[in-house]
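Subject: Structure handover

Hello,

I am passing on the structure we spoke about, with notes on what turned up in it. Please look it over before reading the rest.

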Amino acid sequence: MTIDIHSLVFSKLSDDTDVSSFACSDSKDLEDFLRCDAKIRQQEKISTTYIVHSGTDLVGFFSLSMGCITSDSVKKMSLEIEDPPNKYPALLLARMATKDGLRSQGIGREMLKHVFAMAFRLTGQIGCRFVKVDAKRDPQTIRFYENYGGFIKITQNSDTVQMVVDLNKIGDEENSVNDR
Ligand SMILES: CC(C)(COP(=O)(O)OP(=O)(O)OC[C@H]1O[C@@H](n2cnc3c(N)ncnc32)[C@H](O)[C@@H]1OP(=O)(O)O)[C@@H](O)C(=O)NCCC(=O)NCCS
């Protein structure tokens, strides 16, 4: 199936959203999250999930939460902050996936654009210096965040790599996602 990325429709997950068709066979945890947990997590105010439709087909989703990063983990970045805090506020991109069979058509980049747009909107209301993701330790996934979102690696453990974008370094929301 070929996707027209200009016709993608973004909305917030609601109780009525039919999520049963979403398949993500290489990351079953993400498929299970959307199908089983996302609505509950939203009611609990743990994460808020945004879904992407192409026509009637649910083609992608991402979930956001508040987060923070320690100043230690970003000490190598030149933040030019006087009297730095121990922790920095960050928007956490907690989960993101494109449906099986629809990868590499730009849906992921469109989702990142929405994440950054939301981060910039937030910064007008509350402190939020970074966007953060705990990326799977998979070279393709890491490349996606580096190339298309401008994320940089800061720490890693056995399963994930913590990656961040400094919102003060990327100008405005129009130019925050690379369309290469
Ligand atoms: C990562 C992901 C959301 C990107 O979505 P997408 O719609 O394919 O993104 P785009 O089309 O905008 O960009 C494609 C790029 O993503 C990267 N990519 C990462 N994982 C990929 C995958 N499993 N399949 C294809 N491309 C992938 C490739 O570098 C690709 O670049 P290329 O097309 O130049 O080769 C999607 O691949 C996915 O759902 N992966 C499985 C779940 C996952 O790993 N989520 C992230 C958890 S941290």
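The notes below cover the sheet, the core, the ligand shell and a few single residues.

Please keep in mind throughout that this is a predicted model.

The sheet

The model has an open sheet of seven strands in the order E1-E2-E3-E4-E5-E7-E6, and the pairing in it is mixed. Strand E1 (9–12) and strand E6 (152–156) are the edge strands, each pairing on one side only. On average, neighbouring strands of this sheet are turned by 30° against each other, direction ignored.

Going through the antiparallel pairs:

- E2 and E3 pair in the antiparallel sense over seven bridges. Thr49 has Ser63 in E3 as its bridge partner, and His53 has Leu58, also in E3. The two strands form a hairpin with two residues between them. Gly55, in the turn, has a positive phi of about 60°.
- E3 and E4 pair in the antiparallel sense over 11 bridges. The bridge partner of Leu64 is Leu93 in E4.
- E6 and E7 pair in the antiparallel sense over four bridges, and a hairpin of three residues joins E6 to E7. Here Gln156 has Val161 in E7 as its bridge partner.

Helix H3 lies across E5 and E7 and runs at about 155° to E5.

The nonpolar core

The largest nonpolar core has 41 residues. Leu93, Val115, Val131 and Val164 are the residues with the most contacts inside it. The elements that give two or more residues to this core are helix H1 (28–43), strand E2 (48–54), strand E3 (57–70), E4, H2, E5 and strand E7 (160–166). Its largest share, seven residues, comes from E4.

The shell around the ligand

The ligand is surrounded by 21 residues, the closest being Thr98, Arg103, Ser104, Gly108 and Arg109. Strand E4 (87–98), helix H2 (107–123), strand E5 (130–136) and helix H3 (139–149) are the elements that give two or more residues to this shell. H3 gives the largest share, five residues. By residue type, the shell divides into eight nonpolar, eight polar and five charged.

Single residues

Ala38 has its place in helix H1. Is Ala38 buried or exposed? Ala38 is buried, because 24 other C-beta atoms lie within 10 Å and the cut-off for buried is 20 or more. Not counting residues up to four places away in sequence, Ala38 touches Leu13, Phe33, Thr49 and Ser63. Two of those contacts, Thr49 and Ser63, are the bridge partners mentioned under the sheet. The C-alpha atoms of Ala38 and Asp15 are separated by 10.0 Å, and the two residues are 23 residues apart along the chain.

Two further residues came up for their backbone angles. In general, most residues other than glycine have a negative phi.

- Lys45 is a residue other than glycine with a positive phi, near 60°. Lys45 is in the loop between H1 and E2. Lys45 counts as exposed because it has 9 C-beta neighbours inside 10 Å, and the cut-off for exposed is 12 or fewer.
- Ser104 is not a glycine either, yet has a positive phi of about 65°. Ser104 lies in the loop between E4 and H2. With 9 other C-beta atoms within 10 Å, Ser104 is exposed. Ser104 is also listed among the closest residues to the ligand.

Regards

Notes
Residues numbered from 1 in each chain as written. Predicted model: local features only at pLDDT ≥ 70, side-chain atom pairs only at ≥ 80, totals over all residues. Near = placed C-beta within 6 Å. Nonpolar A, V, L, I, M, F, W, Y, C, P; charged D, E, K, R; others polar. Core = buried A, V, L, I, M, F, W, Y, C linked by C-beta atoms within 7 Å. Contact = placed C-beta atoms within 7 Å. Pairing = 2+ DSSP bridges. Axes fitted to C-alpha atoms, helices over the stretch in contact; angles between N-to-C directions.
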